[in-house]
Amino acid sequence: MKKFYITFFCIIVLSLSFFAQIPNNGFETWTTIGSHVNPDNWGCLNDVTAANSTTIFTCTKGTPGNPGTAYLKLVSRSISGLGIVPGIAVCGTLDVASRKPKSGFPYAIRSQKLTGKWQHMSDSDQGYIDVLLSAWNNTLNKRDTVAYAHRILGAMAMSWANFSINLNYISGATPDSAIIFFSASPTVAVSGDYLYIDNLAFTGTVIGTEINDTKISNNKINIFPNPCQNILNISLFAESPEYVIVQIYDITNRLIKTENLGAASGIIEKSISTNTLSKGLYLMNILSGNRKTTKPFIVE
C-alpha cells in the first residue's frame, strides 16, 4: 500500500512539474534554419523575413545570457520589401499573417505572476508583454479566459533588470494552457526598438478569483460570451449615475473601437459588434471618471 501512495504522489509531482515549465524559458536552445536560428518552442518572424534578407532578422540569439549562455533578442528592423518589421515572439505558434499568437503551451497552475530579466528601449511609445491563461470548456465547447496580463514596458531599461508582472484572474477555473507574447514595439514600430528577455518563470499561486484591476466603484461588470464571434455583450450595475466609456484595444495596444454608454444608474447593458475584428485576443477598457477596469476577450 505504501508503494502505491508513493508512486501516486510521484506521478502528481511529475505531472505538476511538467505543466509548470515555460518551454525554453532561458532561451538556451536554438535551431538553425538556413541562414538564421530560431529559439526552440517560440514563434517569430524570422522565417518570413528570411525571404527578403539573409542577414537582417528581428529575433536573434544574444550572448551571454543572464544567467546562462543565451537570451532572446527582439529588435524591430527595416527590411527591404517589408518595411519596418516588429521584433515579436510567442511561446507557442505565431500567426505570421496577423502577427498575433495562434497557440501556446500546456500549463495547469494558477500562477500569481510572470517574472524574468529584461532590457528594453522604444522610440516614443513602448513595447509590451501579454500573458494569457485559458481553459477548455467542455460544456460550451469553447476556450475560456482564466487570467491575463498586459504590461507596457514603460521607461527604458538599458541594463539587465528584474521584472514581475501580476496576472489578473477573472475565473476560478484551473488553466490548461498559456500564451506569452513579447513585442519590442507598440502599434507603429520604429527601427531599433528592442526588447531582450531571459530567465522566465511563473511564480506564486492564486486561490479563488483575484483580479488586480482598479474597479469602477460599486459596479459589477460582466462581458459575454467570451470567446465571442459577432457580438460581445456588456452588463454592469451602477448604484449611482456613472458616465461610462468602453474602449477596445488589440494586443499591439492599438485602439480599435470606442463606445459611449452615457450616464445611468442601475443595470447598464450594451451589445458591441465584433464581426469586423480579426480572430485573436483583445482588451476592453471600461472607463468612468479617473477609474478603469480592464477585461480581456477573445474573438474566434
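These are my notebook entries from a walk through this structure, which is a predicted model.

**Entry 1: the whole chain**

I started with the overall make-up. The protein has two helices and 23 strands. I then looked up burial and found that 47% of the 300 residues are buried. Next came the contacts with a separation of 6 or more: 66% of them join residues 24 or more positions apart.

**Entry 2: the cores**

Which residues touch the most other members of the largest nonpolar core? I found Phe-182, Ile-197 and Phe-202, in a core of 38 residues. I also checked which strands supply at least two residues each to this core, and my list includes strand 5 (71-75), strand 8 (88-91), strand 14 (142-152) and strand 18 (194-203). Another core, of 18 residues, lies apart from it, and Ile-234, Leu-236, Val-246 and Ile-268 are among its members.

Setting aside neighbours within four places in sequence, I saw Ile-197 in contact with Phe-27, Tyr-71, Leu-72, Lys-117, Trp-118, Ile-129, Trp-160, Phe-163 and Phe-182.

Is Lys-100 buried or exposed? I found Lys-100 buried, and without a salt bridge. Asp-250 has the nearest side chain of opposite charge, 4.8 Å away. Beyond four places in sequence, Lys-100 is in contact with Leu-94, Asp-95, Asp-250, Ile-251, Ser-278, Lys-279 and Tyr-282.

Then I turned to Lys-102. Its relative accessible area is 62%, so I wrote Lys-102 down as exposed. Not counting residues up to four places away, Lys-102 touches Thr-93, Leu-94 and Asp-95. I also looked up Cys-91, eleven residues from Lys-102 along the chain, and the two C-alpha atoms are 9.9 Å apart.

Which residues make the nonpolar surface patch of about 190 Å²? I noted Val-48, Leu-82 and Val-96. Why does Leu-82 count as partly exposed? The reason is its relative accessibility of 31%, because partly exposed covers values between the buried limit of 20% and the exposed limit of 50%.

Technical notes: Residues are numbered from 1 along each chain as its sequence is written. This is a predicted model: local features need pLDDT of at least 70, side-chain atom pairs count only at pLDDT 80 or more; totals for chains, interfaces and linings use all residues. Side-chain values use heavy atoms; hydrogens and water are left out. Buried means under 20% relative accessible area, exposed over 50%, partly exposed in between (1.4 Å probe, protein chains only). Lys and Arg count as positive and Asp and Glu as negative; His and the chain ends are not counted. A salt bridge is a side-chain nitrogen of Lys or Arg within 4 Å of a carboxyl oxygen of Asp or Glu. Contact means heavy atoms within 4.5 Å. Patches are made of residues with over 30% relative accessible area and no salt bridge: like charges are joined within 9 Å, nonpolar side chains (Val, Leu, Ile, Met, Phe, Trp, Tyr) within 5 Å. Accessible areas come from the Shrake-Rupley method with a 1.4 Å probe; for residues, only the protein chains shown count as cover. Helices (H or I, at least four residues) and strands (E, at least two) are DSSP runs, numbered from the N terminus. A nonpolar core is a set of buried Ala, Val, Leu, Ile, Met, Phe, Trp, Tyr and Cys residues joined through side-chain atoms within 4.5 Å.
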